[in-house]
Amino acid sequence: MTFEWHRMHKHEEQIENDVYERVSEQILEHYGVEDLSELTEEQWTEIHKWQEENVSEYSPMNMGFSDCYNQWENSNYED
């Protein structure tokens, strides 16, 4: 019997959501804000610097940082 994994995308989605939640929770807690939109560009520069220095390029946590940044960017640069 050939190996199959039906609906694997559901598992991937759950993992992505978990990573996002963990990263956003750490950021919000560290900066004492309730929403990512409250962060400044300077704070994001600091976060990116830390990420580059401490997170492996292969780490799944990078996806969470990217998703958090994208959410911040979308909420702060809407037309």
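Which residues of α2 are buried? They are W44, I47 and Q51, where buried means under 20% relative accessible area, exposed means over 50%, and partly exposed lies in between (1.4 Å probe, protein chains only). Helices here are DSSP runs of H or I with at least four residues, numbered from the N terminus. This is a predicted model, in which local features need pLDDT of at least 70 and side-chain atom pairs count only at pLDDT 80 or more, while totals for chains, interfaces and linings use all residues. Residues are numbered from 1 along each chain as its sequence is written, and side-chain values use heavy atoms, with hydrogens and water left out.

**Helix α2**

- Helix α2 takes in residues 41–54, and its 14 residues should span 20 Å at 1.5 Å a residue; the expected span is 1.5 Å times one less than the number of residues.
- The end C-alpha atoms of α2 are 20 Å apart, which agrees with that expectation.
- Seen down the axis of α2, its buried residues fall within an arc of 60 degrees, so they line one face of the helix; the arc is that of the directions from the helix axis to the C-beta atoms.
- The cover over the buried residues of α2 includes α1 and α3, with contact meaning heavy atoms within 4.5 Å.
- Turn to the other side of α2 and you will find E42, T45, E52 and E53 exposed.

**Helix α3**

- Helix α3 should span 22 Å for its 16 residues at 1.5 Å a residue, and its end C-alpha atoms are 23 Å apart, which agrees.
- N62, G64, F65, C68 and W72 are the buried residues of α3.
- The partners that the buried residues of α3 pack against are α1 and α2.

- Q51 belongs to helix α2 and is buried, with a relative accessible area of 11%.
- Not counting residues up to four places away in sequence, Q51 touches N62 and F65.
- N62 sits in helix α3 (residues 61–76) and counts as buried at 16% relative accessibility.
- Leaving aside neighbours within four places in sequence, N62 is in contact with Q51, V55, S56 and E57.

**E21 and C68**

- E21 has its place in helix α1, where it counts as partly exposed at 47% relative accessibility.
- E21 and C68 are 47 residues apart in sequence, yet their C-alpha atoms are 9.0 Å apart in space.
- C68, for its part, is one of the buried residues of α3.

**Salt bridges**

- Side chains of opposite charge can pair when their charged atoms come close.
- A search of the whole structure finds 2 salt bridges, each defined as a side-chain nitrogen of Lys or Arg within 4 Å of a carboxyl oxygen of Asp or Glu.
- One of them joins the side chains of R22 and D18, at 3.0 Å from N to O.
- R22 and D18 both lie in helix α1, 4 residues apart, about one turn of the helix.
- R22 counts as exposed at 51% relative accessibility, whereas D18 is partly exposed at 36%.
- K49 forms a salt bridge with E53, and the closest N and O atoms are 2.8 Å apart.
- K49 and E53 both lie in helix α2, 4 residues apart, about one turn of the helix.
- E53 is exposed, with a relative accessible area of 55%.

**The segment before α1**

- R7 lies in the segment before α1 (8–31) and has a phi near 60 degrees, a positive value in a residue other than glycine.
- R7 is also exposed, with a relative accessible area of 55%.
- W5 is found in the segment before α1 too, and is partly exposed at 47% relative accessible area.
- Together, F3, W5 and M8 form a nonpolar patch on the surface with about 380 Å² of accessible area, a value that comes from the Shrake-Rupley method with a 1.4 Å probe; for residues, only the protein chains shown count as cover.
- Patches are made of residues with over 30% relative accessible area and no salt bridge, with like charges joined within 9 Å and nonpolar side chains (Val, Leu, Ile, Met, Phe, Trp, Tyr) within 5 Å.

Methods:
Helix = DSSP H or I, 4+ residues; strand = E, 2+ residues; numbered from the N terminus.
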